[in-house]
Amino acid sequence: MIPIAKPIIGKDEEKAILEVIASGMLVQGPRVRAFEERFAESCGVKHAIATSSGTTALHIAVLAHDIGPSDEVVTSPFSFIASANCALYTGARPIFVDIEPDFFTIDPAKIEERITPKTKAIIPIHLYGQACDMDAIMAIAEKHNLAIIEDACQAHGATYKGRSVGSFGTACYSLYATKNMTTIEGGMILTSDDQIAERARLLRNHGSPKTYEHVILGYNMRMTDLVAAIGLVQIGKLNEWNSIRRANAAYLTDGLSKIKGVITPKVREDAEHVFHQYTIRIPDRDNAAQKLREKGVGVGIHYPTPIHKQPLYQQLGYSDSLPVAETASREVLSLPVHPSLTKDDLDTIVDAIASL
Ligand SMILES: Cc1ncc(COP(=O)(O)O)c(C=O)c1O
């Protein structure tokens, strides 16, 4: 089976972990600080705050912006559940806006109609590794005085008009095992705002500016030095891996665009896509997914149910009709695009789809 994702963790990471164990500095020590500095620098941002996951990064980011009960945040329903749950955790209400059919990201033309006096932030989600339409989103945020909390959990290294995603507001990354770079589990918050950074650091570690002093209600959402050491190795390889992902995507698009009914991913003008997922639209998707698995091609469906249709959100009373996201949920199919694929693997994927 050609896997849909394949974490690359090898000798360099093994060596880095063993060095941490030998050093005895295991939790939030020098490797975490070095990893934070490297991450911030790579995105052109002043501060980075490492966390235990992308989900905890998003949760902290929402709290750091002082968003809570009776507040609203505007986001896309076409994502992993954490993109919206981060608001629910704080008592705030996610408000869903439909997506652009070509790019699967929030449709800026539909945002303003969902803004109310309770709206505090927009959470643009750079889905599959492609930036949202940030010029349009930033203009709306500025006009209505809203915070931007980027969900860049799938977009390590992606750019928009030459600018790194993650540098437009407060941003959150996931470092989960299957992401373009990983610490197995882990997350990162980026911001150039000194106050948000300070609050995020406190929230991450029991509201504690120094040992056994607690100034706000905080959590244990820390990263360990052990996994930061892995992250430091991985960040050095990210650009090369992203280039291979892009080349794999171009190869797949070349082969698949000749097949009737298949719609290959569109890349936004002026954006650099990092292909965390290579996602096509295909007729009779569920049947196609099953047949491809039988032919040895691992596939994924991101996402089969939009967030507002999830049982949790139905229980919470969401009754939105968001037709572009709902249609996408029935049609999308993610194919392997990771850097470990061979040319034979790519040909196998194209041939398997051609023979459906
Ligand atoms: C778009 C998006 N947001 C948030 C998350 C949550 O990240 P994590 O799994 O590291 O908690 C993910 C991870 O899958 C994601 O893809």
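**Contacts and aromatic pairs**

Colleague: Among contacts between residues at least 6 apart in sequence, what share join residues at least 24 apart?
Modeller: Heads-up, this is a predicted model: local features need pLDDT of at least 70 and side-chain atom pairs count only at pLDDT 80 or more, while totals for chains, interfaces and linings use all residues. Residues are numbered from 1 along each chain as its sequence is written, and side-chain values use heavy atoms, with hydrogens and water left out. With a contact meaning heavy atoms within 4.5 Å, the share is 71%.

Colleague: What radius of gyration does the protein have?
Modeller: We take the radius over C-alpha atoms, and the globule rule is 2.2 Å times the number of residues to the power 0.38. For 356 residues, that rule puts a compact globule near 21 Å, and the protein agrees with its 20 Å.

Colleague: And what percentage of the residues count as buried?
Modeller: Buried is under 20% relative accessible area, exposed is over 50%, and partly exposed is in between (1.4 Å probe, protein chains only). On that scale, the buried part of the 356 residues comes to 56%.

Colleague: How are the rings of Phe-78 and Tyr-303 arranged?
Modeller: Rings of Phe, Tyr and Trp (its six-membered ring) pair if their centres lie within 6.5 Å; planes under 30 degrees apart are stacked, over 60 edge-to-face, and the rest tilted. The structure holds 10 aromatic pairs. For Phe-78 and Tyr-303 the centres are 6.3 Å apart and the planes sit at 85°, so this pair is edge-to-face.

Colleague: How far apart in sequence are the parts that Phe-78 and Tyr-303 tie together?
Modeller: Helices (H or I, at least four residues) and strands (E, at least two) are DSSP runs, numbered from the N terminus. Phe-78 is in the loop between strand S2 (72-75) and helix H4 (82-89), and Tyr-303 is in the loop between helix H9 (285-294) and helix H10 (311-315), so the separation is 225 residues.

Colleague: How do the rings of Phe-96 and Tyr-318 pair up?
Modeller: Their centres are 5.4 Å apart and their planes make 55°, so this pair is tilted. Phe-96 is in strand S3 (residues 93-96) and Tyr-318 in the loop between H10 and helix H11 (323-331), so parts 222 residues apart in sequence get tied together. Phe-96 is buried at 1% relative accessibility, and Tyr-318 is buried at 5%. Back to the label you asked for: tilted.

Colleague: Which elements do the buried residues of H11 pack against?
Modeller: The buried residues in H11 are Val-324, Ala-325, Glu-326, Ala-328 and Ser-329. They pack against strand S11 (278-281), H9 and strand S12 (332-335).

Colleague: Is the peptide bond from His-302 to Tyr-303 cis or trans?
Modeller: Most residues other than glycine have a negative phi, and most peptide bonds are trans. For His-302 to Tyr-303, omega is near 15°, and the bond is cis.

Colleague: What is the relative accessible area of Tyr-128?
Modeller: Tyr-128 forms one aromatic cluster with Phe-78, Phe-104 and Tyr-303. It lies in the loop between strand S4 (119-123) and helix H5 (134-144), and its phi is positive, near 65°. Tyr-128 is buried, with a relative accessible area of 3%.

Colleague: Then what is the relative accessible area of Lys-161?
Modeller: Lys-161 also has a positive phi, near 50°. Its loop runs between strand S6 (159-160) and strand S7 (163-164). Lys-161 is partly exposed, at 47%.
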